[in-house]
Each structure stands twice: as structure tokens, then as C-alpha cells.
Amino acid sequence: MSAVDSISPPVTLSPSADELAPPLTFRQMAWRRFRRHRMAMFGSITLILLFIYAFGGGMIYTAERANFTDTSQRLSPPSPEHPFGTDTVGRDVLARTIQGGRVSLMIGLTAAILEIIIGVLIGAAAGFFGGVTDSLLMRFTEAMLIIPALFLLIVMARLVGGNVYFIILILGLTSWMYVARIVRAEFLSLKENEFVLAARSIGTPTREIIFRHILPNSMAPIVVAATLAVATAILAEAYISFLGMGVQPPTATWGNMLDGSYNYIESAPWLWIFPGLLILLTVLSINFVGDGLRDALDPRSRNI
Amino acid sequence: MIDNPALSSINQALADNGDTRPLVRVIDLKKHFPIRQGIVFQKTTGQVRAVDGISFEIDRGETLGLVGESGCGKSTAGRTLLGLYPATTGESYIAGQHVQTAKGEEWMLIRRQAQMIFQDPFASLNPRWTVNAIIGEPLRVHNLIESDTGRVERVKELMALVGLDDRYINRFPHEFSGGQRQRIGIARALASDPLFLVCDEPISALDVSIQAQVVNLLEDLQARLGLTYLFIAHDLSMVRHICDRVAVMYLGVIVEMSPKDELYEEPLHPYTQALLSAVPVPDPKQARKRKRIVLEGDVPSPINPPPGCRFHTRCPIAQPHCATHEPEWREIQPQHWVACHEVEPKFRS
Amino acid sequence: MSALMTPATKHDQPDKRPILLDVKNLEVCFHTPEGTVYAVNNISYQVREGEVLAVVGESGCGKSVSMMALLGLIPKPPGDIAGGQAFFMDRDLLPMSEEELASIRGGEIAMVFQDPMTSLNPVLSVRRQMTESLLRHYDMTGEQAEKRAIELMELVGIPDPERRLGDYPHQFSGGMRQRVMIAMMLACNPSLLIADEPTTALDVTIQAQIIELMVRMREHLGLALIWITHDLGVVAGLAERVIVMYAGMIVEEADVDNLFENPQHPYTLALLGALPRVDRRRDSRLKSIPGAPPNLLIAPRGCPFAPRCEYTFDRCREERPPLFSISAGQHSACWIDLATGKPRER
């Protein structure tokens, strides 16, 4: 213990002090810390609004409206009838950003979930079992990391491209490595803890040790990684769509809307400004929330 | 062992069956840890000989103390004898069951009958689990009680047994003080109705005023439940207080073992003598009168223990042959075992 | 290889040595989000030149905090010296600026901590750390500083000092590191050495070596020693006078012999009763102290030990007892005279 650590005062209330009211749980303390992080709160609110925009708005601006072409109205700037203007074939940009939001966000979330599942399984196995398993899995992970993600995305999209489910699969399969490394690091250190040895001495089976003992204790970095994974996935979808290999029109995504605006950057800026702004807002907000979560969930940080 | 042996039912059954074997037997147990170097292909460049051949027995109801300084291998010995670390060579038996070859059902039986209490009251409890989950885990893992409510009842009983208020059954470890957390660990160890408990420095991390509480608790539990203890510690005063027999370890081997008063009043091995003389005594007049044997130098590394008798590099009475011949582990007097060249001759006649 | 350890024993004559450190009414608290923690609650004591004073208490009693406050080592945002004075050679340490304190630290007052691994910089060689300290306090050349460093390492019993001077802290064992720490601290001839649990993390045989070293150093250099510990055994073998702390307050102060033979405070009595003996046969159960140390977030009303004490009566819970003078040199903060069982008046 450093000289400074040894003088920090005891803070926990011992239940033998006549207090029956439980002191704050981990969650409550974490929530408190999160609340004090202004950017994180801003990010959370923005995200909530974005979700309402995309999913709530989607009930009004349905997919039909988004795909309804009216070439007489093509490329018209924002007006009361079309608040965000229309695109090259006369579809309402506002409606398309809403529907596109639904698709982009859903892709982001689902790909992130897939990443997390794969990353946790591989990272946990590598970290917990160590030895040959660890070496093999880590070499594989590193090999995947070396390949430029964008290149991988493009190649796979070329081979399979277009279908939303395949896109999610590709996104998940190309970015689980970051999560795996984090999870492996957590497992490597946590498995040396005495409560793991205690569980073994009781006879707890390995499966339970991994999922009930160690995993709950490594949630903090996983949650943070998961949050950022959503942002990464949304951006990745935008990239491949921008290159024309993502979800194909008429289905709208923010990414393919950008692609469609390529030739009209100066003449019809509303084609890229709105989807671009939405992507920006979403990714920024997720990053702020991720920052806030990292501070809130790290028990060692003393920013109270 | 308090003079009130209330044997638990299993103990009684074993005794009735004429099973008079000691509850725990350890025969030349060794545990070496390989030192690996290399990035891709790891080569073993040496061994840490943490436990290098120890043998002893513990009778039912007895408390054997295992003492030594840091690096002597006492913690490793406790874990290896329980089977938590695979032994390099040698054997241990718990209630007649061979630990190193136990699998499946036999393994689970050992995991029920033998438990461990850990040193760090914070690290040995999962911080995300409630007290209920922690203490109830053995009940769940071994299917001892099927229903959730049944388990909660039993957890409350165990909490009462160790002196914890059962109103706090759904709290988390960080809400308790060190002494209370240690009690939680003890309750967990008792959940499966064990016969044998390895106490690995159970009080070292606690304040002095709390140590006495926990030690008294351990004694009470032993009397009530007929438990057998291996008490691993470095606090020689506490070991004298609670144990019946004591074994002294140095660099992976036991150098002396005997009933406690004999060991403390007439230590035969020079290391035991030095160790005892270095223990501070809370009595200024005594402290002034004492003759301290202050050993020179540091404890050698368990990677390359000195040849011959491991202690010869620091031994005040070392002779030339101590550097070449490892002394034999001999029962010099009834129940009193020593490994030292210089001690034997005095007793031969 | 046997050594007799004898702290100075001078009991019946009044101590004529000049007072080196005079602490009056020191109060230190910490402002945490959960509330204010009163870590040191109005303590006063003195240390004379060449004296060995032991400060005994369990974790959280304030023994470390009270010493660190003297040297300005408490981080000031959460920490706060709420009151008191600490005169070291007639200068009050508490209001001093960081520069002034920095020149005193490692100079006239030295401090040795429990874990030398964290008080020694792991990336700097021992040579670098020792000569830095010497060069800061003395006007000497680099060569002279190195020579002095080697001398000091020899003094503290490090074998082969010329070679080991270039080593890094992690290349020393625990006991050796502590010796290096002591050597560094002695480099500038301090008149007071504060040792905060220096042997708690060490094995018993190494602890004996370090204690013997400290006693030798003290006799050799004549410095005063404040030894903070929770181990009453170490206290018995080393100290001349003892202060017992509990919940940020001094509960008893006495000569070492009187403390052990004639403890006046129930806490001291209880602590002694809870200790097993290595030199005696077991005769009974250990007397444990019920309950647990108090929560320092709540400023105690009355005596902080009252909830765990077996001698309490009403006044104990209402009013904090002052330090009563029992005899020359022995004080106890307790309303009850343990000899007679009767309450004391102010």
C-alpha cells in the first residue's frame, strides 16, 4: 500500500453499527457517478431522443412513405411539405432518415450484441484456460486484427453483400477481437482471485465458475466495450453502404443515403447533411455515454 | 482440541466402523512450479520447489499447526494436500480417500468433507454475490438441499452458528467489517458439514482485538462439531494457543514437529530455536532478559535450495557435512520429529 | 549471534532530556462524500531527544494519520488539519509551506514506511535515490555523496555495498529494502525518525534483525524514534514510553513497564488480555473484545470505547473523558479508576 492509500479513511458502514438501512449498492453508486458526468447525461438524453425519432417517428413516417417516389419533386430543397427536402428520385428525405435510422440503429445494436457474444466466449476461454488454448485463440485473434477491418468488410460485403442479416453477421465477425482482448485480460487477472480458489475448493464446476463467478465481476469493461461497439458498428455500416456494398436501396440506411448524395454534394447538400448529422450525433452520444459508464463503473476512479 | 470431544455423526460412524486411521495423512508430498520462459514456445528453465517432501498425520479432532516464514511453502502445502493444486509427487489421504487420484463422485466427496478458510477476508468472497449466495453455494453445488427456501433456512442457521445477524443475509461482502467477512467465510466452509478444515492464515489480516474473537469461534466450532483443523500461520504465539501439535516448515520441508508445549519449551532444531527467540513477547521485563538468536542473511530462494540441509547457510551450529548431506526426518522422541544432523546424536543411547 | 535488546531503562528519575517534538491538540479530519471523518480527535504528546516512543493502536485509530499530518503528507483536498500545533525545535510544523516541510523531511525528521517497495522509486537505482537525498541537504560533490551512501549502507548492514549501490529496489529482498530505506533516511542525520509499521510486513526473523538495527542506530546516532505499530510484543521489546490510541484519541500514555504491569485504561487491559503468549502455556481462552472499532463518520459522544467496554457507567456515554494523570508519566482517559472501581472526578 502506498503511503497515501493507507490514510484514506474507512467509508463502509459496518452493519453492526445500528443501521438497518443498507448503504448504497454498486448500482446506486454507479448511477450517482454517471449522473454527475454531464456529457454522459447529454449523450444519454440525445440517444433517447434519437431512438424516439427513429422508432417513434417510424410509426408516422412509414416505410412506404420513405420509399414513395415522386419524380416531379426530385431534388427539391427543404420545404414545408418536405422538411428535409427530397432525393434524386423524389423520395422524402425526412422519412428516409427516420426509416434509415431504424435500420442503422438496429444493425448497430445487433452487430454489437453478436460481437459481444463472440468476444466474451473467446476471451473467457483464452483467459480462463490459459496455456495452449490461450495461445491458439490469441494467435487467431491477432491474425484477425492484422487484417484491415475495412478491407475485410469490403471483401465480405462483395461476396455476400446487400442482405441486412449478412451485413450484421459481417460486422459482428470483423470486430469481436477488441472485446475478446478485454475479456481475456479481465479473466486472466480475476481467475487468480481467492474467491475463485474458494469456489474450486467447494467443488463448483468450471462452467459455473466462469459464468457465475468471474463474468459478473468483469461486467464493467464489457459494458463499456459493448456501448462503443454499437458506435463502431453504425460507422462501419455507413462505410460499407457508402461504398455501395451495404444495404441496397430502396431500403434506406443513413449510410446508403450518404452514398446517394455523392454526386450532389454541392448542389443538393440536404442529401448528405441530415443523414451525416444524425450519424455524427449518434456516434458522439454513444461515446459520451461510454465515457460516463467507464467512470461510473470503475470502482477505483475517485472522481466523485 | 478442547477436552470435550463432541464428535459429529459422521465422525462417530467412522469410529464405530472401527476406522481408527488418522483423518488426514500426507506422505512425502511435493509441489513444484515450473518456471517458463519464451513467447511462442515456452521452455521450462527451472522449478520453484515450494513443497519438497512433507509427511504428517492429523487425528480426528486434533489441531495441527503448520508454521514458517514467507516462502516456506505452508500455504502451498495446505492447497496441495486438499487437491486444489495437483501434486508433483507424493500422496495425501482425507478420511481414507486418496486425494490425488479422486475423480467424479470421490472428488466431490472430498470437496464436501474438506474445506478451506482463507487469509484475505475480502478477496475470498465474491464481491457481486450476496451473503446468502456465498454461504449457500456448497448446498447448491452438492445438491444438499433442493429448495431455495430450505437453503435460506440453513444459511440462517449457519450465520447464527458463527455469530452473524441473519437480518443481513442479503447484503454484500463490502458492507461488512473484516472480522465479519471472515465469519462469512467460516460459515461457507461449514455449510457442507465438513470433517476437516484447512485454515490458511485465517486471522493474519484482522486487527488484534478481532483475532481473539475469530480464534475463540474456531475453538467453539471445533468442540461443537468435532472438527479437525490444519492451522497454517506465521504467528507463533497464536499457534501455541490454539494448536495441539505444531510442525515447523523451512524452504519446503518440515524441520521439526512435536506436541506444542514440547516444541515451544524445548525446541531441538536450530531454526525453531531462532524462530522462537525472534517472536516478540508482550512483557518488557521478559523482553529485556531474553537472549535473541538473530539469524544472518535472507531466506534462500526455493528455486535453488541450498544443498544438503537447507538451513545450513544460516545455521549457527552448521558443520561441514551439513552442506552435503540432507538430514533424515526422524522421530527422536515419541511424537517428536526432527530433521537435523546435530540433534540426533544427543538422543542416541 | 545472540544480542540482548535493551531499551534505555530509566524509571525513577524525571526525564531531563530536552523536548524535541511537542504536539498540542492536534485534530485531523477528512471530508468525504459520506460525511466528515474525524481521524485524529485532539491529541497531545511530547517526544524528548533520544527517546523511543511507541504509538500503538489498531487500524483506523489514527496513529498513521497523526504522524503524516506533522510532515504535511496528508492530501489536502479530502484531508484537513482542523486544529492544533506541532512544535519541532520551537517551530510549528503545521502551518509550514510545502518547501519548508520538504527541507525538513528526510533532513531533521525522517520517516520510514511499512512497504519499502512503494516508498522507494522502482525505476531509479539506489545510488541515484540516496545521492539525491544527500545532495539536496548537503553541499557535497557527487563523489562524496556516493562515498557517504556506501558508508550508510554498510552501517545498516547491507553486505557488499559498493556493488549493490547500482541495484534497483526490486533486486533487494523485503528486509534488505527496509534497510536501504533506513539508510536513506539516516543519510541526513535526522534528530527524529518516525517509523510507521516498518516491520509489519516482514517475517519474524527479519523483523528481529530490523529492530536490532534500529536500536543500534538509535544508540549510535542518538536520534529519537517514534515507532507506530499494532504489535504489543514489539513495543515491549523496544519502547521507553507508549501511547495507546483508539478512534483518533489517546486513551493511555505510560512508561513501557507501567503500561504492561499496570494498565489503567480498559482498552489497554482488553488488548493485553486478547494476546496469546509464545512463552507460556495456555491457561484459558483469549479474552476477546466484543463489537468492532467505531465508525469514524460519526463524531463520538462520550468515550469512544464505551460500547465495547465492560466497566462503563452513565458518564462514559455522555462525556468524553479527559486524560487523567495517574502518576508521574502515566495518563489514562477513563472515568473509572480501575484499581478501586470508582469513578474519577475532573
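Predicted model: local features only at pLDDT ≥ 70, side-chain atom pairs only at ≥ 80, totals over all residues.
Residues count from 1 along each chain as its sequence is written, and chains are lettered from A in the order in which they are written. Local features need pLDDT of at least 70, side-chain atom pairs count only at pLDDT 80 or more, totals for chains use all residues, and side-chain values use heavy atoms, without hydrogens and water.

**Exercise 1.** Find out where chain A has its lowest and highest mean pLDDT among its elements.

*Solution.* Start with the term: pLDDT is the predictor's confidence in each residue, from 0 to 100. For chain A the mean is 81, and 89% of its residues reach 70 or more. Next, go through the elements (helices are DSSP runs of H or I with at least four residues, strands are runs of E with at least two, numbered from the N terminus). Helix α3 (residues 63–67) of chain A comes out lowest with a mean of 74, while helix α8 (residues 194–202) of chain A comes out highest with 94. Lastly, check residues 1–21 of chain A, where pLDDT is below 50.

**Exercise 2.** Work out how α6(A) lies against α7(A).

*Solution.* First take the axes, which are lines fitted to C-alpha atoms over the stretch in contact, with angles from 0 to 180 degrees between N-to-C directions. Those of helix α6 (residues 149–160) of chain A and helix α7 (residues 164–190) of chain A come within 10 Å and cross at roughly 155°. So α6(A) is roughly antiparallel to α7(A) (under 35 degrees is roughly parallel, over 145 roughly antiparallel, 65 to 115 roughly perpendicular, the rest oblique). Now look for contacts, meaning heavy atoms within 4.5 Å. Among the residues involved are A:Leu152 and A:Met156 of α6(A), and A:Phe166 and A:Ile170 of α7(A). By class, there are eight nonpolar, one polar and no charged residues (Ala, Val, Leu, Ile, Met, Phe, Trp, Tyr, Cys and Pro are nonpolar; Asp, Glu, Lys and Arg charged; the others, Gly among them, polar).
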